[in-house]
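Let's walk through the strands of this model, then look at its surface. Here it is.

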Amino acid sequence: MFSKLRLKKSDLLLIAGVLFIAFLLLLPRLGKSEGSTAVITIDNKEYMIINFKETEAEYFLDLPCEPKITLRVTKDCICVSEAGCPDQICVNAGELHGDGDRAVCLPAKTVISVRGSQKNLPDAIAY
């Protein structure tokens, strides 16, 4: 059965193209690691660093900024649970747990970013 199977040059190019596209789709996930700390910056000053490995139970943290922001911290992620800003973009960012994940609230001048143990990863990959 396989002795009569003959691949044309165009078939090999098609297979190579499909494999290349699959590799490109998986490439962003290869370098992404789980974050180990969350860095909270308010008005361009580092306010707090939260180590996820030291977090035992879920808790809520009210930030000293205006409009008010409340964070939910668990042992493997952080998210903005409530915000007093009108657009709610920081709340819609969802759970942050991967290296490089961020939530930004411009009215409150607040940035929550997750850092992992790997260094020198690219900021973004464009195709």
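L61 has L71 in β4 as its bridge partner, and F60 stands opposite R72 in β4. Before going further: this is a predicted model, where local features need pLDDT of at least 70, side-chain atom pairs count only at pLDDT 80 or more, and totals for chains, interfaces and linings use all residues. Numbering starts from 1 along each chain as its sequence is written, and side-chain values use heavy atoms, with hydrogens and water left out.

Strands β3 (residues 59–63) and β4 (residues 69–73) pair in the antiparallel sense over five bridges, and a hairpin of five residues links β3 to β4. Strands here are DSSP E runs of at least two residues, helices are H or I runs of at least four, both numbered from the N terminus; pairing takes at least two DSSP bridges between two strands.

Zooming out, there's an open sheet of three strands, ordered β3-β4-β5 with antiparallel pairing. β3 and β5 (78–83) sit at the edges with a single partner strand each, so one side of each has no neighbour in the sheet.

| Residue | Place | Relative accessible area |

S36 and K53 are 17 residues apart in sequence, with their C-alpha atoms 6.8 Å apart in space.
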